[in-house]
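Here is a short note for a colleague who is opening this structure for the first time. Please read the points with the model in view.

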Amino acid sequence: MSLETPDKIRSLQRKLYCKAKAEPAFRFYLLYDKICREDILGHAYAQARANAGAPGVDGVSFDQIEALGLEGWLVGLREDLVSKRYRPDPVRRVLIPKPGGGERPLGIPTVRDRVVQTAAKIVLEPIFEADFEDSAYGYRPRRSAIDAVKETHRLICRGYTDVIDADLSKYFDTIPHADLLKSVARRVVDRHVLWLIKLWLQAPVEERGADGKRRMSGGKGTKRGTPQGGVASPLLAVIYMNRFLKHWRLTGRGEAFRAHVISYADDFVILSRGHAEEALTWTRMVMTKLGLTLNEAKTSLKDARRESFDFLGYTLGPRHHPKGGDWYLGASPSKKSVQRIKTKIGELLRPRNKGAWPEVRQRLNRLLGGWSAYFCHGSLSSAYGAVDQHVQDRVRNFLRRRHKVQGRGLVWFSRDYIYGELAVHRLRSGHRRSPPRALR
């Protein structure tokens with residue numbers, strides 16, 4: 001969720017961006033005082049509040065802060081920053097399931113630390129946005145993963161069909177702190193800002209075991225990694241990845257390999273005309289110099305004219321027209337993406353969900369609307385049809401059980417009834433909906 005940026009803050013961001021864009025070698029010396037500004041801290045709190053999220057290690061929530069007095073809380077935070085007494089709390093680590101199996105560590109800073117990181121991001125992002133390469137799409141204003149997918153599809157249709165489907169091994173966990181801070185210092189030499197970033201990079205990590213015991217790791221001895229989940233982490237990750245993208249451009253790799261790079265943070269592809277193997281060798285060498293490692297098991301060379309590859313939830317490559325049989329280079333939601341939304345639908349419409357039907361329908365429609373808003377490019381009929389059929393089956397089963405209808409419920413809960421009177425969101429367009437019928 002985003003909030004309207006106040007004019008005074010927007011004006012500052014515009015000035016910082018224009019200065020950085022007009023003078024690529026300029027280094028910013030006085031920024032810490034701007035991070036400490038009352039209006040910036042207030043807007044940072046509003047942004048953190050809008051993004052919600054669980055409390056950190058201190059257990060303090062937004063509601064608790066506001067109950068005790070937000071204005072006084074912000075005054076105290078500003079005093080800590082101005083006096084340099086501010087120190088980040090440990091980051092609470094939780095493990096979340098990965099779509100392909102396994103678990104991904106996620107760091108949850110305290111609300112206090114999220115607000116300070118957001119304030120720093122408000123000030124620093126315009127400066128580095130002026131430097132980012134056009135091929136970088138991740139975690140940037142007015143750019144998104146779907147833009148990266150569309151550009152990738154456009155390039156393979158133009159003949160850049162020799163593809164390096166690349167994967168960096170544990171990118172966020174292996175970014176070298178010293179080199180990252182050097183990348184930041186090429187633009188920002190305010191020592192207090194660099195001190196802040198170093199504090200966040202070296203914040204201890206707290207984990208709770210199955211026995212409930214507290215375990216600490218990280219701290220001042222940490223030399224690598226920026227915890228996923230922190231507000232500043234995505235910006236720092238893009239800043240470091242930009243070193244690779246900038247080196248690609250300055251050394252003329254695009255012309256030498258007849259290739260383009262499309263990057264979304266640590267997820268990137270290289271699209272070439274006949275020089276993919278050379279580009280991969282060069283990329284492996286440069287990533288090693290940057291202290292990063294390609295995951296060889298997940299990095300592969302593909303000929304997009306003959307085999308497909310997955311990128312940011314989409315499958316791109318050769319497809320056949322269902323009627324004419326002619327082939328074309330298409331893009332569509334990947335099988336994993338379709339299975340993922342089916343799993344989420346099943347979790348929502350589980351039999352033990354006792355919520356009122358209007359509430360359940362609202363959550364279901366929000367889920368489907370968000371999925372289709374991202375998966376809106378390329379060939380959609382097959383994926384949309386599969387999801388619609390799954391929704392239809394699960395809704396029918398959910399309501400049949402709730403209303404104790406005998407049999408399969410095909411008469412009571414037909415397709416037209418589910419997508420018509422019940423007003424369940426249908427991905428395939430052209431279906432007219434009637435006002436929702438009241439069901440409990």
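1. The largest cavity has a volume of about 130 Å³. A cavity is, on a 1 Å grid over the protein atoms alone, a set of points where a 1.4 Å probe fits but cannot get out. Its volume is the space filled by probe spheres set on the points, with grid points joined across faces, edges and corners. The structure holds 3 cavities of 30 Å³ or more.

2. This is a predicted model: local features need pLDDT of at least 70, side-chain atom pairs count only at pLDDT 80 or more, and totals for chains, interfaces and linings use all residues. Residues are numbered from 1 along each chain as its sequence is written, and side-chain values use heavy atoms, with hydrogens and water left out.

3. Helices (H or I, at least four residues) and strands (E, at least two) are DSSP runs, numbered from the N terminus. By class, the lining has 9 nonpolar, 4 polar and 2 charged residues. Here Ala, Val, Leu, Ile, Met, Phe, Trp, Tyr, Cys and Pro count as nonpolar, Asp, Glu, Lys and Arg as charged, and the others, Gly among them, as polar.

4. Turn to the second largest pocket. About 480 Å³ of space lies in it. A pocket is an open set with protein on both sides within 12 Å along at least five of seven lines. The second largest pocket has 18 lining residues; Asp-131, Glu-133, Arg-186, Asn-242 and Lys-246 lie nearest its centre. Its lining divides into 6 nonpolar, 3 polar and 9 charged residues. Both α1 (7-22) and α11 (233-250) supply at least two residues. The largest share, 6 residues, comes from α11.

5. Next, the sheet. Three strands form an open sheet in the order β9-β10-β11, with antiparallel pairing. β9 (309-311) and β11 (327-333) stand at the edges, each with a single partner strand, so one side of each is left without a neighbour in the sheet. Neighbouring strands are turned by 35° against each other on average, direction ignored. Axes are lines fitted to C-alpha atoms, for helices over the stretch in contact, and angles run from 0 to 180 degrees between N-to-C directions. β9 is joined to β10 (residues 314-320) by 3 bridges. Two strands pair if DSSP finds at least two bridges between them. Phe-311 stands opposite Tyr-314 in β10.

6. How many disulfides are there? The count is 0, a disulfide being a pair of cysteine sulfur atoms within 2.5 Å. For Cys-157, the nearest cysteine sulfur is that of Cys-376, 16 Å away. Cys-157 is partly exposed at 47% relative accessibility, whereas Cys-36 is buried at 3%. Buried means under 20% relative accessible area, exposed over 50%, partly exposed in between (1.4 Å probe, protein chains only).

7. Two helix residues deserve a look. Thr-152 is in α7 (residues 145-157) and is buried, at 0% relative accessibility. Its C-alpha lies 6.9 Å from that of Ile-262, 110 residues apart along the chain. Ala-383 belongs to α16 (residues 381-402) and is buried at 9%. Ala-383 and Lys-335 are 48 residues apart in sequence and 8.2 Å apart, C-alpha to C-alpha.

How values were computed. On a 1 Å grid over the protein atoms alone, a cavity is a set of points where a 1.4 Å probe fits but cannot get out, and a pocket is an open set with protein on both sides within 12 Å along at least five of seven lines; lining residues have an atom within 4 Å of a point.
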